Each structure stands twice: as C-alpha cells, then as structure tokens.
Amino acid sequence: MSETNTNEEKKKPPLNGRRALPPNNSNDEENEVPEMEAFGLIPRGFNPKDYLRVVDIHMFKEPHEINKQQHHTDKYYSPKLIVRRGQPFQIQIDFNRPYKPEADQFWLEYLIGRYPQQNRGTYIPIIVGDVLKPGEWGARITHKENNSIRLSVMSSATCIVGKFRLYVAVWTPFGILRTHRNSATDTYILFNPWCQQDAVYLDDEKEREEYVLNDVGIVFHGNINEIKSRSWSYGQFEENILDACLFLMDKAELELSGRGNPIKICRVASAVINSRDDNGVIAGSWDNTYTYGVAPSAWTGSVDILLEYYSSKQPVRYGQCWVFAGVFNTFLRCLGIPARLVTNYSSAHDNNANLQLDFFLDDEGNVDTKLTKDSVWNYHCWNEAWMTRPDLPVGFGGWQVVDGTPQETSDGMYRCGPASVQAIKHGHVCFQFDAPFVYAEVNSDIVYSRREKNGTQVIEKIDTNHIGQLIVTKEVGGDGMMEITEEYKFQEGSQEERLALETAVMYGIKKQSTQDTMYEPQTDVDMDFQVQKAVLGSDFKVTITFRNKSHNYYTATTYLSGNIVFYTGVTKNEFKKQSFSAKLEPSSSSTFDVVIKSSDYLSDLLDQASFHFFVTARINETGKILAMQKATVLEIPSLRIKTQGQMVAGKEMSVTVEFTNPLKQTLENVTLRLEGPGVLRTMKKEFRQIPMNSTLIWEVKFIPTRPGLRKLIASLNCDALRHVYGELNVQIQKP
C-alpha cells in the first residue's frame, strides 16, 4: 500500500460495526452533490442547454419581504432565508424558458449535513403538487409569469431545525441536472411556536412576543429579604448568533436526525452550556478569583460569550448561575423554543438527593464545614422551556426546567432537565429527566444535627419552610417581577404540599426518617375516580371511590386538583381544587362526588376542552399515600352542513350551515368559515351575537367548478368557543 493511500484512509471518519454510515452530527459539514447525475451512457448529441435550466432562484429573504415577515424572523441579522417549520414560505425560480408542466419535470432538494439520507430527514426531495398539507413537506406553484414560477413551500412541523442547502433538480431522459452549490439559497428552519402542530406551540401572542421575540430580559438575584434585579441582553437575533447556536449542537454531537426534538435539544444543551466534561461554552467559578478571565458579574449579555466561544472553540471564563441561564435562554429563543429565566430564592443543593439538607453542628453549635456537604444558595437561576412531552403521560407538557449550571451529574454528565414543572408540583418525580434533583431544590427540609461525645447523632432542629420560599421570573410585557412559586409547589404547610411530598417519597425520593425503612404502600385500601362524560357548558361530577379491604376504620385526607390542559397535554391552570376528609368504614366501599360547575371552567377553557385531574389521599392512621391522575375531554358541539337540490358542476347550488349555542351565555363576535377545495373559495361570515340555546342558520349559494367527490369544511370561532367544526362529503355531478 502506498504512503498516500494510508493517509487517505486516515482522513475517513472511523466506521463501527453497527452502522453503515458515520454519525451525521455536524450541520456545518457538506457532501458533494453532482450537477449532472447520468442514468447511463450519454449520447454524443446531448446538450443540457436543450432542457429546462434554472437561471436564478429568488428567496425573498429581505427582512421587509413576505417570508421573514410572516415567519416572525425579520429581526434576525442575517442575509439568508430564515423560516419556521410547519408554515409555508415563498420562493421564485427563473428558468431559461417558460415552464411546461406536461413536458418538464423538476423538484426541490433540501439537504443537511455530510451524509444526507431520506429516512433520517436529512435529505428531503419535494415534488411539486396541487395542495399543501399542513405540517408536511410539499410545494405548489402559486404563480407563473414568462420564464418564472412562484412556489409556496411547506416544511414539516417536526422537521430538523438547522441550516439546509437547497438544490433544484431537473429531469432529462439521460440524467438529472442540478443547480450548482449556492450558499445564497441556504435556508435556516427554526421551531415554530405559532404552529399548532409544532411541539413548542404556544397559544398566547403576548407570551410568544415575550418568550421568543424579546431579546432583553431581567435577572432577579440578591436574597429573599433583599431582592435585586438586573437587565440581561439575550441578543438572539444578532449577527452570527444563530450560527453559534447551531454550532453548540454540533459541539454536543447531537445527531442531525434528533434536532427536530426540543426534549433532546434541551438535554444536550444543558450539558454543553457548561464546560465540565465536554469543553462547553462557559467555565464556572464560584471562588471569587477570576484570573485570566472575566468576572461573572461583569457580563451584560450573552452575545460576547457565544461569539467568543464560536470563534475560539474554548470555554469562556467565567460564569455563575445567571450567566449559564442567560446564555441558555439566548440559545432556546434563537432556535424558536419559548424560554424564560427563573430565579429560586433559598435554593437547595442537595448532593445526595435525600430531600434533606444535613447541616452538622460542632460542640459550640456552629456548622461543621468538613462534615456538611449540602448547601443552600441565596438564589439560583435556571431556565424553563415550553414544549409538549409526548414521552410522559398527559398533563406534564408545558414549562420544563432546564439548567445549564453544573451542580450534579445526570447520566454521567453535568446537565439537568428537561423536568416537568407540573410533575414537580404534584410530586410525580418518577418522570424523566432529573425531577428529583429539582424537586429537592425547591422542597428540601434542613436538618440540623449534633454529634454527642459518645458518637450518637442528636437532631436539634428541622426547618421545613426555608427552602424554595420564592420562585420568580420577569413579567410578560414589562420589567416587573412575576411570582411563580405556586407553579412549583403548593402553599407551604398545606395538606396538598405534604401530600405532594409523600407522593414524591412514594416515587422513590430518598427521605430519611429516624429509622431508615423502605417505603411501603397502603395495600388494604384501593382508590379510583371516574369523570362523568359531559358536553361543553354543562356541569359534571368527579366520583372518587375508596375500597377499604381491612378490618380497620380509616380516615383519608383527600385532595382533588382539576387542571385545564392543552390538547397536547400541557397544563394551562388549575381551575378546581377541593379537599375533604373521607371516613372509610372497615370492609366496605365509599364514594364521594365532587361537582364541577360550568362556571368553574368556562372562563379559562381552552380550544379543545381538555381537563387533567389529580386525586391524592393520605390515610391519616398510617400516613400512607394513594395517588392517581386522569385526563378527560368535554364534548364540543359540531356544525351541521346540509345541501339542497342538485349539485352539478357549473350550476348554482345551495348549502346551509347550522349551529346551536350550548353555553349558558351569549356568544359574541362569532366568525363562521366555509370552504371546499375545488368547490368554493373560503367564505367568511360574522355574527355579532348568538344567544344561549338559539340556533344560527347560514345559507351560502355558489357555483361548483369541478365534478367529483369533494369535501365541504366549516368552522366556528369566537373567544368563548373554539375548535367547532363540521364537514360534509359532496358528490358534484358532471353537467
């Protein structure tokens, strides 16, 4: 083997026995794409110029042009096209002659990384079709003029987030002709909180403006008795920041095919934000000596840190918790994941996750620093990122804790999260990732103990109220402070708080009691609950059943929490809470009804009328916990569509849409829409009011253009009622 040959061998990435291709985990690397891909021998007379040829591609990528305006990306300081996934964008292709659909065939190709593969979402060929399906890759021609065509391109709502290369391919009988590599047509695709099918969909425009588009924020610091605040510049739209954020995922070696998943992105980012064990962005230092670096308090924002790291590829010195959180927030907002910076006052750093901070006192009653390993932080900053959690049961989507500050290792690396805030509140800490650690940060007890001369330990004091006294974030649309403590925990000292704690213990958080016994569940009492099926606008009841199988008389302190959730399982708010004491006779069953009135939920109701109930009960005689959760959905009334008379292409026909208002209130400013692809263009009608129980009838006359089986789709929308639909299949006859 010659010398040059072995050198060639060395350059190739190492293959292992498990995969045919090396890992595709760099957005920066590219592959060579042939401009002429021949099908076989090419005849001598073949001249590529005889065929359709791409002369130019217009991306409409200026901040004032349609794409960046519609996709809320006009603030990015970048000459390239930046769009959000699951939403159409426009491009124009100029050919050397008019495009003839019957003879010419062309398609688009989006590629990412060095080893593009169709089944991994890293090679995306897009054939031009007639319709765009929401949230799926596709393209259709919207406009033809002379040699140009205008395309509307839809990306998948789950596609990879990153920088794609665009090629236009033209079919000829002898091979495929492609445009040459042109970085001016590169397209960045980001998460889309405006798109209902995206995992990071956020339904409130003011919140999207704050948590995605606001590039400055406030960090709350100081301590519980003296709260201080400072501004922080996130700068997610500044020049090269988007590229720097994509580089972080390359640095973390996250497979490109995993980069459409916000859970994976948050998990790897929480590790790469700090420099421990992976040479990440910021080196932490808590010892007040910051030689050869910048003191953490000196930074005013994230941009300098990210750009320095992007160019030097070496950890930037130095950071403390708010610096890690500030940079993490920039990363998340830049990619389009809604995010906020959160401060927890009196934050526990519990190094053995036993839900208690052990402070050892010496003979004089001072803390023995050699023995004491746990610590309380005056405050600690982390981030919350907004996303669905399809990997968890319903109800645990929404805000997730992610923390880039290196405190403890998780699966062998310094990282933390995403952990569901809702799961932490209710003590369901069995759900990934790192919920027990975060639960301890906001809920630990402080146990002070002293060692006697004879070696026995005496517990002097237990402080159950000190940790996690106040959890805050910046308010939406202003610089004030918003308290979110109750998102994380129930009222200190309340029944519900103790119940959540005992639920957490049941799910395996080590809580040392005086005699270290393993937790034993209550086996002689069963609890279940049923939610009555109900139509939107009516009252319904939740029935809780206890079966006491023992010969003992028990009482159970029971707590029901009703939460309104998005259809994705993300909690919006708690609309019902009720505690009661249940008396359980020996060897018998008892049922208890909790009535949910429509007035409890109507004002907060979300689009899809989904609820999530937690029921937790403590058997007072044994201290054991029973816990259960269920999701339920109200029935939403639908629209009725009817047709009258004959349905023939080219002749006028009539359709009526009917709806009866089921709510105990008048519906105001109602918008009805009716459309039928190929039958009629979208029609809209506004109704000022629909009184309760009254029926609205809307008649529409139109002339269907094409024969065949078509679908009519109607929707009704107003503030009090959404997601009201109706549809009807109609057969349009030939004239």
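Is Glu109 buried or exposed, and what is its relative accessible area? Select Glu109 to begin. Glu109 is buried, with a relative accessible area of 2%. Buried means under 20% relative accessible area, exposed means over 50%, and partly exposed lies in between, with a 1.4 Å probe and protein chains only.

This is a predicted model, in which local features need pLDDT of at least 70, side-chain atom pairs count only at pLDDT 80 or more, and totals for chains, interfaces and linings use all residues. Residues are numbered from 1 along each chain as its sequence is written, and side-chain values use heavy atoms, with hydrogens and water left out.

**Stop 1: around Glu109**

Glu109 belongs to strand β5 (residues 106-111). Strands are DSSP runs of E with at least two residues, helices are runs of H or I with at least four, and both are numbered from the N terminus. Show the side chains of Trp107 and Arg178 next. A polar contact of 2.6 Å joins Glu109 to Arg178 through their side chains. Another, of 3.2 Å, joins the side chains of Glu109 and Trp107. A polar contact is a pair of N or O atoms within 3.5 Å; within protein, one must be able to donate a hydrogen and the other to accept it, and residues adjacent in sequence count only if both atoms are side-chain atoms.

Leaving aside residues up to four places away in sequence, Glu109 touches Tyr123, Ile124, Pro125, Arg165, Leu166, Tyr167, Ala169 and Arg178. Contact here means heavy atoms within 4.5 Å.

**Stop 2: the whole chain**

Zoom out. The protein has twelve helices and 40 strands. Of its 735 residues, 52% are buried. Take the contacts between residues at least 6 apart in sequence: 67% of them join residues at least 24 apart.

**Stop 3: helix α5**

Select residues 262-272. Ten of the eleven residues of this helix, α5, are buried, so it is largely enclosed by the rest of the structure. The buried residues include Pro262, Ile263, Cys266, Arg267 and Val272. What covers them includes α4, α7 (321-335), β18 (375-387), β19 (398-402), β20 (409-410) and β21 (413-414).

Look at the N-terminal end of α5. Asn261 caps it: a side-chain oxygen of Asn261 lies 2.8 Å from the backbone nitrogen of Ile263.

**Stop 4: helix α6 and Ile305**

Move to residues 303-312, helix α6, and pick Ile305. Ile305 counts as buried because its relative accessibility is 1%. Its contacts, not counting residues up to four places away in sequence, are Val281, Ile282, Trp299, Val316, Val323 and Val327.

**Stop 5**

The structure holds 22 aromatic pairs. Rings of Phe, Tyr and Trp (its six-membered ring) pair if their centres lie within 6.5 Å; planes under 30 degrees apart count as stacked, over 60 as edge-to-face and the rest as tilted.

Select Phe247 and Tyr309. They form a tilted pair, 5.9 Å centre to centre, with 50 degrees between the planes. The pair links distant parts of the chain: Phe247 is in helix α4 (residues 241-251) and Tyr309 in helix α6, 62 residues apart. Both Phe247 and Tyr309 are buried.

Phe247 in α4 and Tyr310 in α6 are 63 residues apart. Phe247 has 14% relative accessibility and counts as buried. Tyr310, at 26%, counts as partly exposed.

Next, show Lys313. Lys313 lies over the face of Phe247, at 4.6 Å from the ring centre. A charge sits over a ring if NZ of Lys or CZ of Arg is within 6 Å of the ring centre and within 35 degrees of the ring normal.

**Stop 6: other rings**

Select Phe540, Phe575, Tyr601 and Phe613, which form one aromatic cluster. Then go to Lys685, whose charged end sits over the ring of Phe687, 5.6 Å from its centre.

**Stop 7: a three-stranded sheet**

Finish with an open sheet in the order β34-β35-β38, paired antiparallel. Two strands pair if DSSP finds at least two bridges between them. β34 (640-644) and β38 (695-702) stand at the edges with a single partner strand each, so one side of each is left without a neighbour in the sheet. Five bridges join β34 to β35 (residues 653-660). Along that pairing, Lys642 stands opposite Thr656 in β35.
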